Amino acid sequence: MALSTAFRRAATASVVTIALTLTPVLTAIAEAVTLNGAGATFPALLYERYISEFKKKNPGATVNYQAIGSGGGIRQTIAGVVDFGGSDAAMTDDDMKKVDRGVILVPTAGGSVVPIFNLPGVSNLKLGREVLPDIFSGRITRWNDPRIAKDNPGVNLPSSNIKTVVRADGSGTTFVFVNHLSAVNPYFRGRVGVGTAPKWTTNPLKGRGNAGVASTVQKTSGSIGYVEQSYAEKNKLNVAQVQTKRGEWLSPSLAETNKAIASLKLPDNFRVFDGDPDAGYPITGLTWMMIYRRYDNPEKAAAVKKWVEWVLTEGQELNDDLNFARIAPSDVQRILQVVRNEVKP
């Protein structure tokens with residue numbers, strides 16, 4: 001499914017000079033090529049790292065990525081103003097029909113979204129499978145609600161009101177979060193629903209990006225929000241444990257995120273909306289690069305292929321360092337076959 005950013009959600013373009021290693025078929029292509037991408041903040045730090053490492057091995061063309069949010073990435077892909085987009089929410093059928101040049105969704109990593117909280121005197125908190133969506137749909141409004149207390153014996157829960165904090169911007173992190181809550185709770189699905197900017201019913205506080213949500217939670221006693229896992233870990237935020245469909249209580253970890261991603265079954269279009277994986281940390285999702293099936297010239301098409309192939313091979317070795325799950329090798333081969341065969345000038 002974040003999913004998801006981290007603070008990474010720094011909406012700045014990473015510009016790196018990279019030279020493409022040309023395949024024998026493309027040896028005639030010698031000029032530098034610039035690739036401009038924009039979209040999801042969830043994988044922004046990972047993409048910056050990809051670009052940095054790609055530069056070391058390939059000096060010559062330029063790759064830029066601007067973290068503007070998943071909604072922005074989809075809009076710019078549809079508008080055709082980028083060479084590739086980024087989104088943690090897979091494009092819908094309607095979105096894909098709007099892309100005149102055709103589009104391929106390329107999953108690049110998996111990540112988790114975690115609930116963070118600010119309860120003075122409380123450092124360990126469990127939020128059950130039905131409890132978490134009921135908090136964010138407004139059915140549970142106080143911290144000492146019996147349903148919260150039941151899962152937290154011995155914890156001194158205050159009687160204060162719960163203050164929810166959500167993203168102010170259209171966000172793939174939000175999509176991963178509400179996709180899970182909707183999958184496990186019909187009431188939440190009917191009242192709030194799934195999307196990058198859902199219709200919240202709790203009159204929540206709002207913050208822009210992971211940093212904005214985290215800052216608001218940290219300065220607001222009695223609050224709860226959600227951020228990408230790596231952001232929470234890096235900033236030492238209080239993270240609640242959540243419950244799997246098997247009833248297990250889990251804290252987020254790279255190992256559990258990898259289990260969740262490995263349990264997903266990628267269809268032929270590589271688009272997955274599963275909000276409740278069979279294994280691993282449950283609030284987990286993929287992030288995608290959106291590339292076109294047709295580019296303006298052979299050089300641009302070749303550059304995109306080279307970039308995507310590097311990301312899905314050597315680049316995957318970097319995912320662990322930033323707490324992102326890898327794409328399964330068997331899926332990588334399927335994806336690369338589609339990219340090689342269907343991306344054309």
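Two strands count as paired if DSSP finds at least two bridges between them. Helices (H or I, at least four residues) and strands (E, at least two) are DSSP runs, numbered from the N terminus. The views below come from a predicted model, in which local features need pLDDT of at least 70 and side-chain atom pairs count only at pLDDT 80 or more, while totals for chains, interfaces and linings use all residues. Residues are numbered from 1 along each chain as its sequence is written, and side-chain values use heavy atoms, with hydrogens and water left out.

**View 1. Strands S2 and S3 run parallel, joined by six bridges.** Here Gly39 has Ala67 of S3 as its bridge partner. From S2 the chain passes through H1 to reach S3, a right-handed β-α-β crossover (right-handed if, with the strands pointing away from the viewer, the path from the first strand over the helix to the second runs clockwise). Strand S3, residues 61-67, is mostly covered, with six of its seven residues buried. Buried means under 20% relative accessible area, exposed over 50%, and partly exposed in between, using a 1.4 Å probe and protein chains only.

**View 2. Helix H1 covers residues 44-57.** Its 14 residues reach 20 Å from the first C-alpha to the last, close to the 20 Å expected at 1.5 Å a residue (the expected span is 1.5 Å times one less than the number of residues). Which residues of H1 are buried? They are Ala44, Leu46, Tyr47, Tyr50, Ile51, Glu53 and Phe54. As background, an α-helix has 3.6 residues a turn, so residues three or four places apart point the same way.

**View 3. Arg49 and Asp321 form a salt bridge, with their closest N and O atoms 3.3 Å apart.** Arg49 sits in helix H1 and Asp321 in the loop between helices H11 (298-312) and H12 (329-342), so the pair ties together parts 272 residues apart in sequence. A salt bridge is a side-chain nitrogen of Lys or Arg within 4 Å of a carboxyl oxygen of Asp or Glu, and the structure holds 20 of them. Arg49 is partly exposed at 28% relative accessibility, whereas Asp321 is exposed at 52%.

**View 4. Arg271 meets Asp93 in a salt bridge of 2.7 Å, N to O.** Arg271 belongs to the loop between helix H10 (254-263) and strand S12 (284-292), and Asp93 to helix H3 (residues 93-97), 178 residues apart. Is Arg271 buried or exposed? Arg271 counts as buried because its relative accessibility is 14%, while Asp93 is partly exposed at 45%.

**View 5. The side chains of Arg293 and Glu342 form a salt bridge of 1.9 Å, N to O.** Arg293 is in the loop between S12 and H11 and Glu342 is in helix H12, so parts 49 residues apart in sequence are tied together. Both partners are partly exposed, Arg293 at 28% and Glu342 at 34%.

**View 6. The largest nonpolar core has 96 residues.** Such a core is a set of buried Ala, Val, Leu, Ile, Met, Phe, Trp, Tyr and Cys residues joined through side-chain atoms within 4.5 Å. Leu125, Phe136, Ile148, Ile291 and Trp307 have the most contacts inside it. Strand S5 (residues 103-118) gives the largest share, nine residues. Leaving aside residues up to four places away in sequence, Ile291 touches several residues, including Phe84, Ile104, Val304 and Val339 (contact means heavy atoms within 4.5 Å).
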